[in-house]
Amino acid sequence: MKYLFTFHPYKRRFIHPVQTNHGVWEIREGIIVSLKQEDGQVGQGEIAPIPWFGSETLEQALEFCSSLPKQIDSELILSIPDTLPACQFGFETALTETPEPPSLQFSALLPAGKSAIDASIPLWQSGYRTFKWKIAVNPIDEELAIFDLLVQKIVQNLANGAIRLDANGGLSLDEAKLWLETCDKLMANGVNIEFIEQPLPRSQFEQMLELSASYNTKLALDESVATLQNLETCYSKGWRQIFVIKPLIIGSPSKLRQFCQQNQIDTVFSSVFETDVGRTAALQLASELSHHNRAVGFGINHWFQ
Ligand SMILES: O=C(O)CCC(=O)C1=CC=C[C@@H](O)[C@@H]1C(=O)O
Ligand SMILES: [Mg+2]
């Protein structure tokens, strides 16, 4: 079947710039692709790259879209190269109907630094019980002190709740060990620290594998497994703790589905701060493939003005 193909770049400014060890992210740019069938039905998909995670750049995605003919078919879509994972996701999901996903548990992202404490209260009051906090943004002694207050403020009251820490690869090995020792002690006192996400840079996989065997607190790989190729490599090198899956940059949903059906991996699905177009498709995939005991990192989606 042939589809009439159009694409529309978008640009959205974050209400609160996202502060991580990678820096401050102020504007999210992406592309909405539309595929119109002969009967007039239109399917949409979203291309939302995060090049610093290993996906293609927005420019590369735009160049790919511009290189396509006006009419394309599913054969061309399923042959999009693995070097364009965000395009693979955007075009493939534009092909498929995405029914409303069943209800999922959501995790709320807290801002880095001490503003996390005040930000957590309204989120907790609105029902969130899982929170993710960015670390390796401020000096570790400052963050450990803030974490102490955060735990007292919310986590201890969290019946069946949890807190996740995301370092975006910004800790040194010694800092990672200090965070893990701190979390293990809190875990021993009944605080549910669900995991520490990407404590070390992608280049230190072996050290993270060793850490994962040395502490009770679990580790989740994110930047290390951002594309399906990287995920398969980490799996083949022995990673069996948690895999963060960002559907919009992982690549082909059908290839991801195949891998998850062949390998029972522990996954947590995560947003790339996409629009509702990508979010709907991503939540559908999450509801299909995620271990339902892990909240999905798509909470508070009103990140934009
Ligand atoms: O996973 C979540 O809970 C929310 C999404 C999220 O934290 C991120 C999305 C995109 C890039 C990063 O800034 C960050 C992450 O590292 O997981
Ligand atoms: Mg992360």
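Colleague: How many residues surround ligand 1, and which are the closest?

Modeller: First, a word on the ground rules: this is a predicted model, where local features need pLDDT of at least 70, side-chain atom pairs count only at pLDDT 80 or more, and totals for chains, interfaces and linings use all residues. Residues are numbered from 1 along each chain as its sequence is written, chains are lettered from A and ligands numbered from 1 in the order in which they are written, and side-chain values use heavy atoms, with hydrogens and water left out. A residue is near a molecule or strand if one of its heavy atoms lies within 4 Å of it. Ligand 1 is surrounded by 17 residues, and the closest are Lys 132, Asn 168, Asp 222, Lys 246 and Ser 270.

Colleague: Which side chain has an N or O atom 2.7 Å from an oxygen atom of ligand 1?

Modeller: Let's go through the polar contacts (pairs of N or O atoms within 3.5 Å; within protein, one must be able to donate a hydrogen and the other to accept it, and residues adjacent in sequence count only if both atoms are side-chain atoms). Lys 132 has a polar side-chain atom 2.9 Å from an oxygen of ligand 1, and for Asp 222 the distance is 3.0 Å. The 2.7 Å pair belongs to the side chain of Lys 246.

Colleague: Which residues coordinate the magnesium ion (ligand 2)?

Modeller: Donors here are N, O and S atoms within 2.8 Å of the metal (3.2 Å for Na, K and Ca), and water is not among the atoms, so sites may look incomplete. Along the chain, the donors follow the spacing D-x30-E-x24-D. At 1.9 to 2.2 Å from the ion, they are Asp 166 (OD), Glu 197 (OE) and Asp 222 (OD).

Colleague: How many residues apart in sequence are the parts that Asp 166 and Glu 197 tie together?

Modeller: Helices (H or I, at least four residues) and strands (E, at least two) are DSSP runs, numbered from the N terminus. Asp 166 sits in strand 7 (residues 162–166) and Glu 197 in strand 8, so this pair links parts whose separation in sequence is 31 residues.

Colleague: Which residues does the UniProt "binding site" annotation cover, and why do they gather at one spot?

Modeller: The record is an unreviewed entry, and its "binding site" covers Asp 166, Glu 197 and Asp 222. They span 57 residues in sequence, yet they gather at one spot because no two of their C-alpha atoms are more than 9.0 Å apart. UniProt positions are in the numbering used here, feature names are shortened, and annotations may be inferred rather than shown by experiment.

Colleague: Is Asp 222 buried or exposed?

Modeller: Asp 222 lies in the loop between strand 9 (219–221) and helix 8 (228–236). Its contacts (heavy atoms within 4.5 Å) include Phe 53, Glu 197 and Lys 246, leaving out residues up to four places away in sequence. Buried means under 20% relative accessible area, exposed over 50% and partly exposed in between (1.4 Å probe, protein chains only). With a relative accessible area of 2%, Asp 222 is buried.

Colleague: How many residues of strand 6 are buried?

Modeller: Thr 130, Lys 132 and Lys 134 point one way from strand 6, while Phe 131 and Trp 133 point the other way, and all are buried. For strand 6 (residues 130–134), that makes 5 of its 5 residues.

Colleague: Which residue in strand 6 is the bridge partner of Leu 110?

Modeller: Two strands pair if DSSP finds at least two bridges between them. Strand 5 and strand 6 run parallel and are joined by 4 bridges. The partner of Leu 110 is Trp 133.

Colleague: Which side chain makes a polar contact of 2.7 Å with that of Arg 294?

Modeller: Arg 294 comes in the segment after helix 11 (276–289) and is buried, with a relative accessible area of 11%. The Arg 294 side chain makes a polar contact of 2.9 Å with the side chain of Glu 194. The 2.7 Å contact is with Asp 266.

Colleague: Which residue in the turn between strand 2 and strand 3 has a positive phi?

Modeller: Strand 2 (residues 23–36) and strand 3 (residues 42–47) run antiparallel, joined by 6 bridges. They form a hairpin with 5 residues between them, and the turn residue with a positive phi of about 95 degrees is Gly 40.
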